[in-house]
Amino acid sequence: MELDYLLDFEDYFPSMIARMGAEGFIGELCNGFRLLMDVNKGLITFESLKINCYLLGLDVRDDELVGMLMEGDLDGDGALSQMEFCILMFRLSPCLMDSPKMCSTQVGADPMLI
């Protein structure tokens, strides 16, 4: 029996910015980066991402991890710097520039059109 899970994505970034302010929000993104990075390289690498997914109990295939890195890797080095990570997080937030209320009324809308 194949299960079909429908996941709803709720973008919390706009409400986080409203509560924490821009500086506080960027600080939290940086904290997230530090949690995932390879401490010796100062980058999020394939290996550090794989280890952290395992520690978080996430079963993520290697090709999915590579895809995550490729999505945000702007300089082509195969890893994410703190700046690349922050840019990726902003890009993945479909309604960051909209208010949380506006975003929640557009459930199911194509994020590229919002």
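Guide: Let us begin with a term: a crossing is left-handed if the near helix is turned anticlockwise from the far one by less than a right angle, and right-handed if clockwise. Please keep in mind that the model shown is predicted.

Visitor: Which hand has the crossing of α1 and α4?

Guide: The helices α1 and α4 cross in a right-handed manner.

Visitor: How is a pair of packed helices described in general?

Guide: One gives the angle between the two axes and the distance between those axes. Here, helix α1 (residues 13-36) and α4 have axes that come within 9 Å and cross at roughly 140°. That angle makes α1 oblique to α4.

Visitor: Which residues of α1 and α4 meet?

Guide: From α1 come F13, F25, I26, L29, C30, G32, F33, R34 and L36, and these meet Q82, F85, C86, M89 and F90 in α4.

Visitor: At what angle do α2 and α3 pack?

Guide: The angle between α2 and α3 is about 125°, and their axes are 10 Å apart. The two helices α2 and α3 are therefore oblique to each other. In passing α3, α2 makes a right-handed crossing. On the side of α2 the contact is made by F46, L49, K50 and C53, and on the side of α3 by D62, L65, V66, M68 and L69. The residues of this contact of α2 with α3 comprise seven nonpolar, no polar and two charged.

Visitor: How do the axes of α3 and α4 cross?

Guide: The axes of helix α3 (residues 62-72) and helix α4 (residues 82-91) cross at roughly 95° and come within 8 Å. Angles of 65 to 115 degrees count as roughly perpendicular, and α3 and α4 are therefore roughly perpendicular to each other. M68, E71 and G72 of α3 make the contact with E84, L88 and R91 of α4. The residues of the contact of α3 with α4 divide into two nonpolar, one polar and three charged.

Visitor: Let us turn to open space. Which helices each supply at least two residues of the lining of the second largest pocket?

Guide: They are α2 (46-55), α3 and α4. This second largest pocket holds about 250 Å³ of space. Its lining has 14 residues, and L36, L49, M68, F85 and M89 lie nearest the centre of the pocket.

Visitor: How many residues of that lining are nonpolar, polar or charged?

Guide: The lining of the second largest pocket has 13 nonpolar residues, one polar and no charged.

Note on methods:
Residues numbered from 1 in each chain as written. Predicted model: local features only at pLDDT ≥ 70, side-chain atom pairs only at ≥ 80, totals over all residues. Heavy atoms only, no water. Axes fitted to C-alpha atoms, helices over the stretch in contact; angles between N-to-C directions. Helix = DSSP H or I, 4+ residues; strand = E, 2+ residues; numbered from the N terminus. Parallel < 35°, antiparallel > 145°, perpendicular 65-115°, else oblique. Contact = heavy atoms within 4.5 Å. Nonpolar A, V, L, I, M, F, W, Y, C, P; charged D, E, K, R; others polar. 1 Å grid on protein atoms, 1.4 Å probe; cavity = no way out; pocket = protein on both sides within 12 Å on 5 of 7 lines; lining within 4 Å. Points joined across faces, edges and corners; volume = space filled by probe spheres on them.
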